Amino acid sequence: MDGGSGPATGPLLGPSSGPQLGARRPAYRRIVEALRRQLVSGDLPEGAVLLEGPLAALFGSSRQPVRQALAELEAEGLVRRFEGRGVLAGRAGGPCRIELTGDQVGAHALEPKADDDLYYRVERELLERALFGRFRVSELALARHHAIGRPSARELLLRARAAGLAEKRDAHWWTVPLDERRLADLYDLRFLLEPAALRLAAPALPAPVLGAARDRLSRAERRFPRLSTRELDTLEEDVHVTLLRFCPNGEFVEALARARASFVCGKHLQHMICGPDTVDPFLSEHAAILEALGRGEGDVAAKALAGHLRASRDKGCERLGRHRAGARPPPLPYIAEERSGAEASP
């Protein structure tokens, strides 16, 4: 879907939504409940190694909520420490190092939460400014602007950092500039690594994981373009993240995490520039990749992915340049419009 996603039609929460947001459960609490349910039911295998990084990716959070959740589950006796990294599921067995899926840890069973909708709004606000340079972001002002607590604001910025849109320098948050050169560089990284990672992952892909991705794509094709931001994100995750996690070369997967900003950019630029009625061929491109994998043709799937990325790069850079040539977004109270000297240049 890179550079060519459909309209972001999901609901967005504004400053007036403060009372509801203040009452929502912390991210770690939802992770605790999901993991507890899977552990008690036995859907999460005994002895499976649970690592903060992969769990954070599956739940769409930073590591801190996962760390809190695992600590609580350890206190309950549902997970246990061992000599290696992470914790072990259950009270016996293992260590069993398997690639866990969102279904196994209960991530896909979570109900959509208001904080996800708020994050999409903040994500877009940060991206719109990052396209024009490096700006300082105030955590406290972000909390006040969206009527949320300071910890919740920090969590939003941590998620933005994982997406490559924000960074912390000298105790201050900043947007990470995203111009045509950086976007092209991110796509070059993906073009080199994603097809190779998919080729290696293809023989190890569990049939249920691939089947679930194909089912979601089929449902999306029937409803396109009336898809929410969350649905588009899921389609993106399926092809460019979830399937690639089965690559046995962990260095590929780790390196690809740096390219996250290119996903975010494509998703929002489609809506910002092309409007809600534009239909791009990304669904058919994703379908070609998944169908090849379903036939056991890893090389064919990798070539289809390479072609998809090449088209997405050209389209994304063109759209980004067109947007940067237009008017700057209006000021926001939590993003400083005064840029800092040499750091202002993308």
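I call a residue buried when its relative accessible area is under 20%, exposed when over 50%, and partly exposed in between, with a 1.4 Å probe and protein chains only. Helices (H or I, at least four residues) and strands (E, at least two) are DSSP runs that I number from the N terminus.

I note that the model is predicted, that local features need pLDDT of at least 70 and side-chain atom pairs pLDDT 80 or more, and that totals for chains, interfaces and linings use all residues. Residues are numbered from 1 along each chain as its sequence is written, and side-chain values use heavy atoms, with hydrogens and water left out.

**Entry 1: helix 10**

I looked up which residues of helix 10 are buried, and found Val209, Leu210, Ala212, Ala213, Leu217 and Ala220. They cover an arc of only 160° around the axis, which puts them on the same side of helix 10. The arc is taken from the directions from the helix axis to the C-beta atoms. On the face turned away from that buried side I found the exposed residues Ala207, Pro208 and Arg222.

I then checked the length of helix 10. The expected span of a helix is 1.5 Å times one less than its number of residues.

Leucine 205 lies in the loop between helix 9 and helix 10. I list leucine 205 as buried because its relative accessibility is 12%.

Helix 2 (residues 27–41) has 15 residues and reaches 22 Å from its first C-alpha to its last, close to the 21 Å expected at 1.5 Å a residue. I recorded Ala27, Arg30, Ile31, Val32, Ala34, Leu35, Gln38 and Leu39 as its buried residues. Just after helix 2, glycine 42 takes a positive phi of about 85°.

I located alanine 48 in the loop between helix 2 and strand 1 (49–50). Alanine 48 is buried, with a relative accessible area of 0%. The C-alpha atoms of alanine 48 and cysteine 96 are separated by 4.6 Å, although the residues are 48 residues apart along the chain.

**Entry 2: the second largest pocket**

On a 1 Å grid over the protein atoms alone, a pocket is an open set of points with protein on both sides within 12 Å along at least five of seven lines, and lining residues have an atom within 4 Å of a point. Grid points are joined across faces, edges and corners, and a volume is the space filled by probe spheres set on the points.

I found about 250 Å³ of space in the second largest pocket. Its lining has 13 residues, and the closest to its centre are Arg161, Gly164, Val176, Arg182 and Arg258. Helix 8 (150–162), strand 5 (166–169) and helix 9 (180–201) are the elements that give two or more residues to this lining. Helix 9 supplies the largest share, four residues.

I sorted the lining by residue class: six are nonpolar, one is polar and six are charged. Ala, Val, Leu, Ile, Met, Phe, Trp, Tyr, Cys and Pro count as nonpolar, Asp, Glu, Lys and Arg as charged, and the others, Gly among them, as polar.

Lysine 168 lies in strand 5 and is partly exposed, with a relative accessible area of 42%. Lysine 168 and leucine 157 are eleven residues apart in sequence and 9.3 Å apart in space, C-alpha to C-alpha.

I placed aspartate 170 in the loop between strand 5 and strand 6 (172–175). Aspartate 170 has a positive phi of about 50° although it is not a glycine, and at 72% relative accessibility it counts as exposed.

Alanine 147, in the loop between helix 7 (139–145) and helix 8, also has a positive phi, near 55°. I list alanine 147 as partly exposed, with a relative accessible area of 34%.

**Entry 3: the aromatic pair**

Rings of Phe, Tyr and Trp (its six-membered ring) pair if their centres lie within 6.5 Å; planes under 30 degrees apart count as stacked, over 60 as edge-to-face and the rest as tilted. I found one aromatic pair in the structure. The ring centres of tyrosine 119 and tyrosine 120 are 6.2 Å apart and their planes are at 55°, so the pair is tilted. Tyrosine 119 is buried at 4% relative accessible area, and tyrosine 120 is buried at 11%.

Terms used:
On a 1 Å grid over the protein atoms alone, a cavity is a set of points where a 1.4 Å probe fits but cannot get out, and a pocket is an open set with protein on both sides within 12 Å along at least five of seven lines; lining residues have an atom within 4 Å of a point.
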